[in-house]
Structure formats: C-alpha cells, structure tokens
Amino acid sequence: MQVTSTPQLIDTGERMIPPAKNEVSFVFARLRFAYEFAAQYAKQRFVLDVGCGTGYGCKLLAETAAFVCGIDYDDQALRYCRRHFAAKNIAHAQMNAAALGLHRAFDLAVSFQVIEHVTDAHQFVEQIKRVVKPEGKIIIGTLNVPREKQMEHGNPFHQSEMDYAQFSGLMRAHFSEFEVVGVAYAHRNRTRRFLQRLPFYGWGRRLKRASFIKKTADRVLDLSKFQITRERVENAMDIIAICENA
C-alpha cells in the first residue's frame, strides 16, 4: 500500500504518513502488518478505528469489513484520509478518543500505537469498551518499550510507554479474557542480529525514506516482513492485545 501523490501532511512524528512510491518506512510496514493481522476479525463486521491517523488502516480493514468508522482528533489528518483512502463503506469523524461520542454499535474496535499518546490509558480503554457491543472484540497495539528505555528518546507526542508486563497489567484491569501477542521479524537474519548489537545501528532512523542505503538495508536485513509470535512476547518489537468485551 503506497501513496503515489505527494503527502499533504507535514511529518512531525505524531502520526504515520504512508511512504510514497520510491520510499521505504520500516515503522509503516509494522503498522500495516498490525492492521493486516486485525483484518481477520473484521470480516462482515462493523469496525471502529480509534486514532485512524492518515486512514490507510481503515482502507485495509474495509476490504473485508461491512463498515469502518475511523476517528481522529485532527481534521487535517481526516481530510488526508478522505482524499487518499476513501471507500463506500468507510466514514471518518473528528473526535477525541478520551470522550467517544458514539453509541454501542461496533463489533470490533482497533487502535494501533495510539494509547501511548493519551494521558489516561485506563480511561482510553474504558471509552473503547463502552462503544463496542457485548461479546465484541477490541484489539489494541503499542510499542514494547523496556522500562529502562521508556521516554528515553523524548518523543514529544508520547504521554507514556509500556513494556509487556505493564501492558498486560493494563489489559488485566479491564478485561477478563484477553491475549497479548508480539510482532517479530518474519525471518531470522544473522547479519541483522549482529548489526543490532552495534551502537550505530539506530542511526538508520535518521535516513530519509528514499535513501539508497535504507532500501539496500531493507533487502539485505529483511526489515519489512513480520509475523505474530506467542513465544517470548516480552522481547517483541510491538505488542498487541486481543480482548473480549465480555
């Protein structure tokens, strides 16, 4: 999934802008994979995407869902959604995730890498529970950040970050039935494992999306293919909770 026209949004780091035709974004690949995973639960369902951002996830879910509603607080982002990722079974609404003005009408709600942006994670989860039908599903994903590294990078848009234990504890406080899975690389790669131990590995984040080095690294290190793992989830890059709204 790529946007062929020039993005209209400034990339501030708050939301994910899909890469253009000749660009590579490893973070976008991970987020897209999360939506692809969630799509299996969306078939013929009424789906809510909380914090839909630029809308690529709504479009992916809409391929199988009966209807998708994407909400975001930023009207500029929603205009981008409607321009680039519109479909007959998608609607967008400007709304604050902390106070969802919606009825209990959804079979499934998803929210990926949004919970770290809110000031009250418990309120955020309860708002989503309120608008999902009883026995419906709620899927929430976030970065898996070790405690010693939380807020280390100083992302100005993050209010909090969690590791596997903290995230699982949050889900346990709100759901009696849930599973937390991890997002890991799809294939083992010895070169990648070696380079990840080196201090300069993180410098790759500074490279532009169209960088030749970044494209080469993607091919050599296999950085854009992922899988769901249920083993050693505490070491996964991202963590995803699949919850029953019982």
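Select Glu36 to begin; this residue belongs to helix 1 (residues 26-39), where helices are DSSP runs of H or I of at least four residues, strands are runs of E of at least two, and both are numbered from the N terminus. Because its relative accessibility is 41%, Glu36 counts as partly exposed (buried is under 20% relative accessible area, exposed over 50%, partly exposed in between, with a 1.4 Å probe and protein chains only).

The model is predicted: local features need pLDDT of at least 70 and side-chain atom pairs pLDDT 80 or more, while totals for chains, interfaces and linings use all residues. Residues are numbered from 1 along each chain as its sequence is written, and side-chain values use heavy atoms, leaving out hydrogens and water.

Next, select helix 5 (residues 164-172), whose buried residues are Phe167, Ser168, Leu170 and Met171. These lie on the same side of helix 5, because they cover an arc of only 155° around the axis, taken from the directions from the helix axis to the C-beta atoms.

Then display what covers these buried residues: it includes helix 4 (121-131), strand 5 (132-143), strand 6 (178-185) and strand 8 (238-244).

At the N-terminal end of helix 5, select Asp163, which caps it: a side-chain oxygen lies 3.3 Å from the backbone nitrogen of Ala165.

Finally, select strand 8, in which six of the seven residues are buried. Strand 5 runs antiparallel to strand 8 and is joined to it by seven bridges (two strands pair if DSSP finds at least two bridges between them); Ile139 stands opposite Ile242 in strand 8. Strand 6 is also antiparallel to strand 8, with six bridges, and Gly182 stands opposite Ile239 in strand 8.

Definitions and conventions: Contact means heavy atoms within 4.5 Å. A polar contact is a pair of N or O atoms within 3.5 Å; within protein, one must be able to donate a hydrogen and the other to accept it, and residues adjacent in sequence count only if both atoms are side-chain atoms.
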